[in-house]
Amino acid sequence: MNRTAFFFILPAILLLIDTYVYQAIKTLSRTASESTQRTIAFIYWGFTALSILLYLIMQFLPPDSISRNTRTFLWAAIAIPYFSKIFSVLIIFIDDIGRFFRWLVSLFYKPEVREAVEDTTRKTIPSTDTISRSDFLMKTALVVGAVPLAGFTWGILSGAHDYRIRRVKLPLRNLPSGFNGMTIAQISDIHSGSFFNKTAVRGGVEMLLGQKPDIIFFTGDLVNSHADEVNSYIDVFDKLKAPLGVYSTLGNHDYGKYVQWPSVQAERQNVLNVIAAHKQMGWNIMLDEHKILEQNGDKLALIGVQNLGFGPAALRAGNLAKAYEGTQDYPVKLLLSHDPTHWDAEVRPKYPDIDVQFSGHTHGAQFGVDLGDVRWSPAQYFYKQWAGLYQEGNQRLYVNRGYGYIGYPGRVGILPEITIFELIKA
């Protein structure tokens with residue numbers, strides 16, 4: 001589908017959805033006064049007109065005339081209500097199926113039989129005090145549509161910055177005694193270009209620092225695409241400090257592959273600017289290399305690679321063989337690798353002595369259920385490992401749910417995460 005066709009098709013789809021849902025509005029407001037009905041219709045179709053107007057404005061105005069955050073919120077203002085209305089459409093469709101079958105009955109049965117069938121499909125109990133089945137479905141449709149609308153709105157107002165600390169113990173059989181009890185803080189997927197509440201973001205950083213970790217890991221996606229997105233947050237994230245340092249790597253979004261660049265040189269310079277931002281904040285960015293950490297006379301290897309994804313259309317920019325070389329003799333190896341698909345694709349089959357891989361990338365889809373052992377998210381249909389701790393033999397993978405957000409400017413159920421690990425000698 002070309003851009004011109006989509007330009008006309010999307011408003012048409014919005015009008016069709018609103019026309020269909022208006023059946024429920026009109027049915028349930030039929031007993032109201034004419035002035036009330038006109039007011040309801042004005043408000044309802046006024047929102048439709050406003051949504052289409054916003055869409056047209058964003059299409060005609062130059063991209064740089066509206067800030068990225070404003071554009072994101074305008075899209076959310078359109079998408080969230082219409083996504084919610086889709087659920088209403090499904091319920092109304094059930095009622096229309098019933099109407100269709102009643103129509104079929106009217107074609108093939110005698111009037112007296114037809115009347116009996118219509119009566120049984122119209123009401124559950126033949127009483128004047130009983131709501132008709134059609135009215136019940138219309139009310140259900142509106143309620144079902146209101147639930148996701150309220151949920152996704154709350155996810156923006158509250159869930160986007162409702163940072164949660166998760167504590168994880170990592171027992172490692174070859175852990176040197178000098179590292180027993182060492183604490184690691186991990187954050188991932190900052191996506192600074194999506195932030196809209198700097199005070200809340202700063203509060204999450206202070207929450208992490210309050211845990212007093214020995215070392216901090218950041219596992220990629222500092223920006224959405226453009227390096228300058230992080231500029232106004234450098235003074236927030238440069239506060240991240242730890243005795244053994246802050247170590248970071250790049251994620252798929254840091255390479256700017258999801259926007260059009262005027263030249264290959266401009267795209268490459270953007271990546272270099274992202275790397276420079278890591279260094280400006282005092283982070284030790286690891287680009288297919290390793291560092292040897294020393295504590296209490298003992299040593300372990302920390303490996304960091306550029307993005308290595310193995311899903312459909314995934315970005316592969318890193319070189320684990322290069323980063324791994326020289327770490328063979330160290331008893332414990334920790335790996336920073338943004339994409340969790342790297343674990344099954346290369347780490348486990350080729351590097352069985354890498355003890356733990358720290359990843360992010362999935363965001364847990366920013367939507368789902370995450371209550372104790374009860375976990376569900378659309379992310380699980382795309383990623384075998386999508387949130388939390390996974391283990392195969394003596395190797396472990398941890399997938400951080402992410403610090404920020406992208407696309408939908410909020411989180412529902414899958415809240416932003418700060419992970420605190422404790423290394424324990426098994």
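Q: What makes Phe 93, Ile 97, Phe 100, Phe 101, Trp 103, Leu 107 and Phe 108 a nonpolar patch on the surface?
A: In this predicted model, these seven side chains form a nonpolar patch on the surface, and together they have about 790 Å² of accessible area.

Q: Why does Thr 27 count as buried?
A: Thr 27, placed in helix H1 (residues 3–28), has a relative accessibility of 18%. Buried means under 20%, so Thr 27 falls in that class. When residues up to four places away in sequence are not counted, Thr 27 touches Asp 135 and Met 138.

Q: How do you know that the rings of Phe 73 and Phe 196 are an edge-to-face pair?
A: A search of the whole structure finds 25 aromatic pairs, and for Phe 73 and Phe 196 the ring centres are 4.9 Å apart with the planes at 85 degrees. Phe 73 is partly exposed at 29% relative accessible area, and Phe 196 is partly exposed at 33%.

Q: Why are Phe 195 and Tyr 403 said to tie together parts of the chain?
A: Phe 195 lies in the loop between S2 and H6, whereas Tyr 403 lies in the loop between strand S13 (395–399) and strand S14 (417–425), so the pair joins parts that are 208 residues apart in sequence. Their ring centres are 6.4 Å apart, and their planes stand at 85 degrees, so the pair is edge-to-face. Phe 195 counts as buried at 2% relative accessibility, and Tyr 403 counts as buried at 1%. Phe 73, Phe 195, Phe 196 and Tyr 403 are among the members of one aromatic cluster, which also includes Tyr 233 and Trp 283.

Q: What makes Lys 198 lie over the face of Tyr 233?
A: Lys 198 is at 5.7 Å from the ring centre of Tyr 233 and lies over its face. The distance limit for such a contact is 6 Å, so the 5.7 Å of Lys 198 meets it. Arg 375 likewise lies over the face of Trp 386, at 4.9 Å from the ring centre.

Q: How do you know that Arg 166 and Asp 370 meet in a salt bridge?
A: The structure holds 14 salt bridges, and in the one between the side chains of Arg 166 and Asp 370 the N to O distance is 2.9 Å. A salt bridge requires the nitrogen and the carboxyl oxygen to be within 4 Å, so this pair qualifies. The pair links strand S1 (residues 164–172), which holds Arg 166, to strand S10 (residues 369–371), which holds Asp 370, across 204 residues. Arg 166 is partly exposed at 26% relative accessible area, whereas Asp 370 counts as buried at 12%.

Q: Why does Glu 417 count as buried?
A: Glu 417 has 0% relative accessibility, and buried means under 20%, so the term applies. Its salt-bridge partner Arg 401, with the closest N and O atoms 3.0 Å apart, is also buried, with a relative accessible area of 3%. Salt bridges that share partners join Arg 166, Asp 370, Arg 401 and Glu 417 into one network.

Q: Why is Lys 322 called exposed?
A: Lys 322, in helix H9 (residues 320–324), has a relative accessible area of 55%. Exposed means over 50%, so Lys 322 belongs to that class.

Technical notes: Residues are numbered from 1 along each chain as its sequence is written. This is a predicted model: local features need pLDDT of at least 70, side-chain atom pairs count only at pLDDT 80 or more; totals for chains, interfaces and linings use all residues. Side-chain values use heavy atoms; hydrogens and water are left out. Patches are made of residues with over 30% relative accessible area and no salt bridge: like charges are joined within 9 Å, nonpolar side chains (Val, Leu, Ile, Met, Phe, Trp, Tyr) within 5 Å. Accessible areas come from the Shrake-Rupley method with a 1.4 Å probe; for residues, only the protein chains shown count as cover. Helices (H or I, at least four residues) and strands (E, at least two) are DSSP runs, numbered from the N terminus. Buried means under 20% relative accessible area, exposed over 50%, partly exposed in between (1.4 Å probe, protein chains only). Contact means heavy atoms within 4.5 Å. Rings of Phe, Tyr and Trp (its six-membered ring) pair if their centres lie within 6.5 Å; planes under 30 degrees apart count as stacked, over 60 as edge-to-face and the rest as tilted. A charge sits over a ring if NZ of Lys or CZ of Arg is within 6 Å of the ring centre and within 35 degrees of the ring normal.
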